[in-house]
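Open the structure in your viewer and keep the selection tool at hand. We will go stop by stop.

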Amino acid sequence: MTDVLDKVAGKSGELVLRRAGADFEVIANGVFLMDTRNGESERLLVSVAADLVPGKARMLIGGLGVGYSLRAALDHPGVGEIVVVEREPAVIGWNREGPLREVHDDALSDDRVTVVEADLVKWLRRTEERFDALCLDIDNGPEWTVTDGNAKLYRDEGLDMLAARLRPGGVLGVWSAESVPSFAKRLRARFGEVRELKIPVPQGEPDVLWFARV
């Protein structure tokens with residue numbers, strides 16, 4: 001049985017938080033966006049990126065989701081300060097005071113975490129901050145974006161913008177629900193070192209993680 005816990009008009013359309021048994025689901029404009037059933041690939045996105053950066057990494061997480069990536073970052077000994085950029089205030093609220101808080105053991109209350117309510121693409125354009133690791137999980141993939149505006153992030157212009165926000169030796173991590181050879185090709189053309197990991201999931205095609213170093 002599925003119960004709707006909250007339904008709001010978000011910045012990218014209607015957002016719904018619902019409970020299906022013991023799990024939570026987030027639906028955006030009628031399209032399934034994320035849930036709490038697994039989260040292995042979301043955790044690996046930040047833990048592998050942190051492994052690739054020496055010392056205490058200053059990390060940017062694009063997209064709060066259900067908090068799996070943030071929890072993994074906080075639990076990793078190689079991560080220091082974390083900035084989370086999330087444009088939907090409802091998602092922040094569900095994670096800070098709502099039912100998703102229990103999923104990640106109240107990760108947003110940690111002193112190392114700063115949450116920025118903003119559109120990631122617009123925020124990257126205006127910020128001068130730089131990071132050791134950028135971990136992006138704001139869409140279902142480079143060709144399956146939540147909004148049309150996000151598509152810019154995965155093109156040459158967007159990759160240049162992301163590279164400019166990395167410190168020397170920094171790592172960009174990108175999550176996708178599907179393989180996108182054209183995006184992998186663009187990454188290899190822009191970055192000196194690119195790794196691709198495929199993570200099996202219970203149903204469907206494996207999740208894909210890309211890690212690119214400047």
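Predicted model: local features only at pLDDT ≥ 70, side-chain atom pairs only at ≥ 80, totals over all residues.

**Stop 1: α1 and α2.** Select residues 40-51 for helix α1 and residues 68-75 for helix α2. Their axes come within 8 Å and cross at roughly 40 degrees. An angle under 35 degrees would count as roughly parallel, and roughly perpendicular starts at 65. So α1 is oblique to α2. The crossing is right-handed. Now show side chains. From α1, pick E42, R43 and V46; they meet Y68, S69, A72 and A73 of α2. Four residues of this contact are nonpolar, one is polar and two are charged.

**Stop 2: the largest nonpolar core.** This core holds 41 residues. Select M59, I61, L70, I82, W94 and F211, which touch the most other members. Then centre on I61. Which residues does I61 contact, leaving aside neighbours within four places in sequence? They are V46, S69, L70, A73, I82, V83, V84, V85 and C135.

**Stop 3: α5 and α6.** Select residues 156-164 for helix α5 and residues 181-190 for helix α6. The two pack at an angle of about 50 degrees, with axes 10 Å apart. That makes α5 oblique to α6. Their crossing is right-handed. Show D156, L159, D160 and A163 on α5, then F183, R186, L187 and R190 on α6; these residues make the contact. Colour them by class: four are nonpolar, none polar and four charged.

Methods:
Residues numbered from 1 in each chain as written. Heavy atoms only, no water. Axes fitted to C-alpha atoms, helices over the stretch in contact; angles between N-to-C directions. Helix = DSSP H or I, 4+ residues; strand = E, 2+ residues; numbered from the N terminus. Parallel < 35°, antiparallel > 145°, perpendicular 65-115°, else oblique. Left-handed = near helix turned anticlockwise from the far one by under 90°. Contact = heavy atoms within 4.5 Å. Nonpolar A, V, L, I, M, F, W, Y, C, P; charged D, E, K, R; others polar. Core = buried A, V, L, I, M, F, W, Y, C linked by side-chain atoms within 4.5 Å. Buried < 20%, exposed > 50% of the residue type's maximum accessible area, 1.4 Å probe, protein only.
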